[in-house]
Amino acid sequence: MRMRGRVQLIGAGISAALLAPLALWANRSGSAGRRPRPVPTDLVDRDPEATPAARRVYAMLAGLENDARRGQATRTVIGQHVELHNERYNPEYGDYRGTKEPGYYYRKARDITGRLPGFVEVDLGPGYDEQGWAVGETRSYSRSSWPSCRPHWGYAEDAVDLAVGVWAGLPRAEDGSYHPSGSREDCSSGTRVNLPHNGGGPAGIVGFSFHQPYPGSPVKGYEQTLSHNSPGASDSGWFTRVVTQGTDEHKDLLHDLGFLADHLQYLAERGVPVLLRPYHEMNMAGVRDGFWWSGQDPAAYRKLWRITYDYLVGSRGLHNLIFVWAPNSWDGRFGQEPWDYYPGERYVDIVGVDDYSDTPSRPFRGERWTEVWYRGLERYGKPRIMAETFHVPLNSAQNETLSATPWVLWTVWGQSLTYENVSAPSGKNTLADVKRTYDSPQVITGGSDEMSGFDWPSLNKI
């Protein structure tokens with residue numbers, strides 16, 4: 001997830017029609033109508049060495065949160081998660097059969113609406129069912145422990161290059177492997193790979209998730225992220241050994257974190273701040289497809305988070321990171337109450353939720369869509385984000401979502417932007433839903449031409 005204060009909006013601001021719902025929300029918030037306390041606006045409160053760019057991004061998001069807490073008109077950055085490994089290698093993925101260019105669903109929003117997402121999150125994990133961590137090309141993060149030019153690992157290059165390009169502009173030949181046309185040769189497959197052109201200048205902010213296969217897994221793929229496939233499924237002491245210094249399992253954990261850190265360092269060297277969202281959906285107790293870190297003893301989970309934080313920030317000196325903690329929606333079916341899993345004030349910058357338990361047409365308990373999660377996260381005094389969901393916020397069933405629950409950032413998951421998910425009872429977003437969201441004055445989109453009215457170049461400047 002750095003300069004003090006807000007990044008300025010360009011133009012006259014938001015229409016007065018948006019003020020009334022926010023005033024009503026402010027009156028409902030807190031006990032006896034009191035507004036919730038403001039959130040800190042400077043990342044140095046958590047990391048005294050935070051980079052200027054990371055401070056600016058955090059200050060922008062904190063400013064949006066504080067506007068909402070004061071009952072003022074505010075806006076939401078619209079985001080898109082990109083599953084690069086599936087776009088590159090899975091012909092069954094997405095809204096047509098066949099492999100896609102990396103960043104297909106980043107570009108898809110513009111194809112539909114003429115506007116880019118203001119935020120893109122890419123996933124460095126989980127790998128694509130290959131032996132060991134690897135990369136596609138030899139770069140600064142290609143240590144001897146990460147073999148290069150291996151099949152199905154070119155997407156790791158796409159992840160860092162797309163992140164740099166969204167932050168600083170695409171195409172970018174100086175990133176190391178892309179020609180001025182925005183293409184490169186993939187050494188593992190011999191095919192030409194193209195990144196989406198986004199206007200040539202700063203276009204938005206970026207994040208990383210890390211669907212980490214269980215530490216020590218010989219194969220790196222999604223199946224190895226799941227709890228029932230990890231050693232913990234049959235060994236109740238395994239997770240404790242993962243978070244215990246000196247054990248083989250702990251060494252395996254640090255090895256995996258080294259893979260993550262090497263790629264994050266590549267971004268740090270290029271001035272790119274990153275919203276990092278590790279070990280999400282930790283509260284999925286009793287769900288067979290929970291991750292290996294899900295449903296664990298809360299104290300052990302908190303220890304895992306702090307080990308990760310101390311390694312990335314302390315040992316590796318990565319001060320371009322904004323840490324995002326995101327449980328699953330705590331509806332009792334998809335997730336249990338997550339409060340005991342919170343890592344602590346000094347380890348988290350942003351709080352969010354992965355919401356797959358309700359839909360616009362069927363809100364949880366018949367209440368306002370997403371409101372129970374939004375209110376629940378208020379207690380932490382952090383900017384609040386919708387970290388994952390199948391749905392855009394403004395649609396035919398719910399057109400006041402961002403007035404009632406003004407999340408500072410809202411990220412749509414991968415192919416669900418245009419492809420129906422069988423697990424989503426209400427189906428998919430329509431093209432009209434996507435257009436309604438991206439055209440709304442409540443939403444901040446991306447793009448170097450400032451078509452959204454937000455000053456991305458100012459946010460990006462060194």
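**Aromatic pairs and charges over rings**

In this predicted model, the structure holds 33 aromatic pairs. A pair of aromatic rings is described by the distance of the centres and the angle of the planes. One of the pairs joins Phe291 and Trp293, with ring centres 4.8 Å apart and an angle of 20° between the planes. Planes under 30 degrees apart count as stacked, and the pair of Phe291 and Trp293 is therefore assigned to that class. Both partners are buried: Phe291 has a relative accessible area of 4%, and the value for Trp293 is 0%.

Trp293 also pairs with Trp292. The ring centres of Trp292 and Trp293 lie 5.3 Å apart, and because their planes meet at 85°, the pair is edge-to-face. Trp292 is likewise buried, with a relative accessible area of 0%. Trp293 thus takes part in a stacked pair with Phe291 and in an edge-to-face pair with Trp292.

One aromatic cluster is formed by Tyr89, Tyr128, Trp133, Trp146, Trp153, Tyr155, Phe210 and Phe259.

The charged end of Lys100 is placed over the ring of Tyr96, at 4.4 Å from the ring centre. In a further case, Arg379 lies over the face of Trp339, and the distance to the ring centre is 3.9 Å.

Definitions and conventions. Residues numbered from 1 in each chain as written. Predicted model: local features only at pLDDT ≥ 70, side-chain atom pairs only at ≥ 80, totals over all residues. Heavy atoms only, no water. Phe/Tyr/Trp six-rings, centres within 6.5 Å; stacked < 30°, edge-to-face > 60°. Buried < 20%, exposed > 50% of the residue type's maximum accessible area, 1.4 Å probe, protein only. Lys NZ or Arg CZ within 6 Å of the ring centre and 35° of its normal.
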